[in-house]
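Please look over the sequence and the model shown here with the salt bridges in mind. The report that follows describes where some of them sit and what they connect.

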Amino acid sequence: MQGSSLEQGSSNSGQRLEVIVAGDEGFARLDRVLAARAPELSRSRLKALILAGQVMVKGAAIRDPAYHVAKGDTITIDVPEAVAAEPAGEAIALDIVYEDDDIIVINKPKGLVVHPAAGHETGTLVNALIAHCGASLSGIGGVKRPGIVHRLDKDTTGLMVAAKNDRAHQSLTEQFADHGRTGAMRRGYLAFAWGLPNRQRGTVDAPIDRHPHAREKMAVRDSGRPAITHWEITESFNGRDGKPIASLLACQLETGRTHQIRVHLAHIGYPLLGDAVYGPHFKTKANALGPRAQAALAALGRQALHAYLLTIEHPRTGEILSWEAPLPEDLLLLGNALRAAE
């Protein structure tokens, strides 16, 4: 294009490309400008780089492919170094709750990403499972997530099961798709939420889809897929003024959508403590907590959500197996601090 400029350099993450928006490109979509100016990168690759925050306009990361650029804008694309098509095994410690020739159940810690993705190509649960299980790990889920039939968010702790062969993978996939409607499968979570619902238990039946403007978020939308969460109050906590400020909810999933519990509880007005994505407007509520609870919440650094219960039918024997994982230390400290109310 007339007046266009494309420069190449290097960065710590691989190759760096720089584009200066020409006059006839003003107010064009970011992804379309880059598709024309960086033909060596496919459209899908460019979209992935934008969503991963690897594309900057005037020094600020832009994660929206439809962002409109202006004449003279400098666009920088950081292209990470190429990685192997298949993830490699890594010696990452696993908290193994149960294991046999067909399945492995782990208690996932906070900070562990389940499968490789942009920005997290290594150090994932998949890498750990490959190293631990070797060639026995089921490949039905594809090379990027062998054995994986469900997932937890990076900073959600708790129980996960993975398949060690294709037969087990097929059975578990069917159980998770059914979500206990006709079978024994159960997934239970403990969630520390802001506020106290006005009834003991309830159900959120609201479809979930990608947020229309913030692509890293999910939202309740009529266009979404069906999503059902059952909740029940197990404990309530008062603030310094003696009034209810938070509650511990036991949640059961009837579907398995991305961020489902976080989205649903925020939707009904009870977002999770520590959830910077779905509960930022509740951040000032921490001022009503006692000093000990404020300190515990500040130290948490994540959403207060733990997958404590998992029940499945064994894919080979048909035996009903159930496991419970106690709250991790950071949530135990938060709960004790909330109870103290001082």
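## Salt bridges across the chain

Asp-330 counts as buried, at 16% relative accessibility (buried means under 20% relative accessible area, exposed over 50% and partly exposed in between, with a 1.4 Å probe and protein chains only). This is a predicted model, in which local features need pLDDT of at least 70 and side-chain atom pairs count only at pLDDT 80 or more, while totals for chains, interfaces and linings use all residues. Residues are numbered from 1 along each chain as its sequence is written, and side-chain values use heavy atoms, with hydrogens and water left out.

The structure holds 11 salt bridges, each being a side-chain nitrogen of Lys or Arg within 4 Å of a carboxyl oxygen of Asp or Glu. Three of them are listed below.

| Pair | N to O distance |
|---|---|
| Lys-110 and Asp-330 | 3.5 Å |
| Arg-262 and Asp-153 | 3.0 Å |
| Glu-232 and Arg-201 | 2.7 Å |

The side chains of Lys-110 and Asp-330 meet in a salt bridge. Lys-110 lies in the loop between strand E7 (103-108) and helix H3 (125-133), and Asp-330 in helix H7 (residues 329-340), so the pair ties together parts that are 220 residues apart in sequence; helices (H or I, at least four residues) and strands (E, at least two) are DSSP runs numbered from the N terminus. Lys-110 is partly exposed, with a relative accessible area of 42%. A network of salt bridges links Lys-110, Arg-302 and Asp-330.

Arg-262 and Asp-153 are both buried.
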